[in-house]
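Hi everyone, thanks for making time. Today I'd like to walk you through some charged side-chain pairs, so let me put the structure up.

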Amino acid sequence: MPRSEQLLSLRWGDMDAYRHVNNVEVLRLLEEARVRAFGVPGPDGSAPMLATGMVVARHEVDYLLPLDYRTEPVAVDLWVERVGGASFQVRYEVREPEPPAVGEARTYVRASTTCVSYDFATGRPRRLTDAERTRLAALADAPTAP
């Protein structure tokens, strides 16, 4: 399963004065997708990656189309693109769950987050464990075109 698709609902309060989902709320959608992907125990019963220590070091977001409020969920695709010694890059696409009958699928946002494995006891980054690398590899996918 290289990409994880999360169907997420929008909230009425996510809209801003311009009548589309506010940029801060888009980051909330990305966070929710990340929590769903990394907040579950591993297949071997190991602790969720969020519980073992993971912090956000960087976000990069490209807003492609306005995302208007609606009652239907949006799809957030999430995958791991790069894994380093202590960090990894998560990529996302926020899109329509189903492509329209005619025309191209609508993608609203493309984004990436650099996450760092973290030791909360020492307050410092730490190396990724072999078990974490295995879990990240299960979400790995090829780099995307810009």
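Let me start with a quick one for you: does Glu 32 count as buried, partly exposed or exposed, and at what relative accessibility? Keep in mind while you look that this is a predicted model. Glu 32 comes out as partly exposed, at 31% relative accessibility. Its partner is Arg 36: the two side chains form a salt bridge, 3.1 Å from N to O. Arg 36 is partly exposed too, at 37%. Both residues sit in helix α1, which spans residues 23-38, and because they are 4 residues apart, about one helical turn separates them.

Now, over to the strands. Glu 93 and Arg 110 make a salt bridge with their side chains, at 3.0 Å from N to O. Glu 93 belongs to strand β4 and Arg 110 to strand β5, so this pair links parts 17 residues apart in sequence. Here Glu 93 is buried at 13% relative accessibility, while Arg 110 is partly exposed at 27%.

Arg 70 pairs with Glu 96 in a salt bridge whose closest N and O atoms are 3.0 Å apart. Arg 70 is in the loop between β2 and β3, and Glu 96 is in the loop between β4 and β5, so the bridge ties together parts 26 residues apart in sequence. Both partners are buried: Arg 70 has a relative accessible area of 16%, and Glu 96 has 17%.

Terms used. Residues are numbered from 1 along each chain as its sequence is written. This is a predicted model: local features need pLDDT of at least 70, side-chain atom pairs count only at pLDDT 80 or more; totals for chains, interfaces and linings use all residues. Side-chain values use heavy atoms; hydrogens and water are left out. A salt bridge is a side-chain nitrogen of Lys or Arg within 4 Å of a carboxyl oxygen of Asp or Glu. Helices (H or I, at least four residues) and strands (E, at least two) are DSSP runs, numbered from the N terminus. Buried means under 20% relative accessible area, exposed over 50%, partly exposed in between (1.4 Å probe, protein chains only).
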